[in-house]
Amino acid sequence: MSQTAVTPKNIVLIGFMGSGKSTVGRELHQRLGYTLTDMDRLIEESMGKKITEIFKEEGEAAFRDFETLQLLEIAKQTEKRQIISTGGGVVIRPENRSLLRNLGYVVWLSAPVEVIYDRTSRSQDRPLLNHLDARERISTLLEEREPWYRETAHLKIDTAGLDSKEIATGILESARYYFTHSE
Ligand code: S3P
């Protein structure tokens with residue numbers, strides 16, 4: 001089978017806020033040595049502002065535009081060995097879903113509402129969850145987004161009860177199989 005340079009080897013992590021994308025991304029980066037691309041951090045760096053400030057000062061629609069621009073930039077890159085960690089709402093736009101799917105092997109990290117609530121409730125960094133009833137908000141957004149995560153992902157991992165090392169091991173085994181059979 002041909003080892004063409006264009007075959008994407010990227011591993012793309014999608015999933016709700018607090019599903020562990022950043023931690024698992026770092027674990028995969030350490031094991032594979034692939035570049036770690038954290039989309040939220042890239043947007044913050046290029047805007048010179050934290051996500052909360054972007055939401056407050058420019059609005060969510062502007063943030064979503066930055067996300068799409070970021071994906072278009074990554075899609076143009078020749079570096080195909082990246083771990084790409086996304087923001088939880090990246091799947092909202094249909095164009096993003098197809099961009100993501102073409103970037104590489106897309107893994108959806110899923111977690112139940114209670115787990116997400118526990119992981120996110122102590123932080124003020126997520127503007128969409130700064131609500132009085134954050135549990136209800138998580139549940140509503142999750143229900144809305146699940147079909148989009150499902151549509152975009154090659155693999156879903158239920159992360160409840162697993163640590164980041166176990167999750168990374170599962171991803172690596174499946175990704176190896178996927179890339180071997182997609183060449
Ligand atoms: C968002 C998730 C956040 C960040 C922004 C919006 C969302 O990223 O992109 O606050 O809409 O779910 P994390 O999933 O890394 O928290």
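Visitor: Which element supplies the largest share of the lining of the second largest pocket?
Guide: In this predicted model, about 170 Å³ of space lies in the second largest pocket. Among the 14 residues that line this pocket, S121, L129, N130, H131 and A134 are the closest to its centre. The largest share, three residues, comes from α7.

Visitor: Which element gives the most to the lining of the largest pocket?
Guide: The largest pocket has a volume of about 780 Å³. Its lining consists of 37 residues, and M17, G18, S22, D40 and R126 are the closest to the centre. Elements that each supply at least two lining residues are α1, α2 (39-47), α3 (51-58), α4 (60-76), α6 (113-120) and α8. With five residues, the element that gives the most is α1.

Visitor: Into what numbers of nonpolar, polar and charged residues does the lining of the largest pocket divide?
Guide: Asp, Glu, Lys and Arg count as charged here. On that basis, the lining of the largest pocket holds nine nonpolar, 14 polar and 14 charged residues.

Visitor: What distance separates the end C-alpha atoms of helix α1?
Guide: Helix α1 covers residues 21-32, which makes 12 residues. At 1.5 Å a residue, a helix of that length should span 16 Å. The model agrees with this expectation, because the end C-alpha atoms of α1 are separated by 16 Å.

Visitor: Where around α1 do its buried residues lie, on the same side or on opposite sides?
Guide: The buried residues of α1 are K21, V24, G25, E27 and L28. They cover an arc of only 165° around the axis, and therefore they lie on the same side of α1.

Visitor: Which elements are included in what covers the buried residues of α1?
Guide: Buried residues have under 20% relative accessible area, and in α1 these include V24 and L28. The cover over the buried residues of α1 includes β1 (10-14), β2 (35-38), β3 (82-85), β4 (104-110) and α8 (164-181).

Visitor: Which residue with a positive phi follows α1?
Guide: The helix itself takes in residues 21-32. The residue that follows has a positive phi, near 75°, and is G33.

Visitor: Is D38 buried or exposed?
Guide: D38 is found in strand β2. Not counting residues up to four places away in sequence, D38 touches S22 and S85. Its relative accessible area is 17%, and the cut-off for a buried residue is under 20%. D38 is therefore buried.

Visitor: Which exposed residues does the face of α2 turned away from its buried side carry?
Guide: The buried residues of α2 are M39, D40, I43 and E44. They cover an arc of only 140° around the axis, so they are on the same side of α2. What covers these buried residues includes β2, α3, α4 and β3. The face turned away from the buried side carries the exposed residues E45 and S46.

Visitor: Which residues are exposed on the other side of α8?
Guide: In α8, the buried residues are I167, A168, I171, L172, A175 and F179. Because they cover an arc of only 135° around the axis, they are on the same side of α8. These buried residues pack against β1, α1, β4 and β5 (155-158). On the other side of α8, the exposed residues are E173, R176, Y177 and H181.

Visitor: Is S182 buried, partly exposed or exposed?
Guide: S182 is found in the segment after α8. Residues S182 and L28 are 154 residues apart along the chain, and their C-alpha atoms are separated by 21 Å. Because its relative accessibility is 36%, S182 counts as partly exposed.

Visitor: Which elements give two or more residues to the lining of the largest cavity?
Guide: One cavity of 30 Å³ or more is found in a search of the whole structure. The lining of the largest cavity includes F16, W108, L142 and Y149, and divides into seven nonpolar, two polar and one charged residue. The elements that give two or more residues to this lining are β4 and α7.

Note on methods. Residues numbered from 1 in each chain as written. Predicted model: local features only at pLDDT ≥ 70, side-chain atom pairs only at ≥ 80, totals over all residues. Heavy atoms only, no water. Helix = DSSP H or I, 4+ residues; strand = E, 2+ residues; numbered from the N terminus. Expected span 1.5 Å × (residues − 1). Buried < 20%, exposed > 50% of the residue type's maximum accessible area, 1.4 Å probe, protein only. Arc of directions from axis to C-beta. Contact = heavy atoms within 4.5 Å. 1 Å grid on protein atoms, 1.4 Å probe; cavity = no way out; pocket = protein on both sides within 12 Å on 5 of 7 lines; lining within 4 Å. Points joined across faces, edges and corners; volume = space filled by probe spheres on them.
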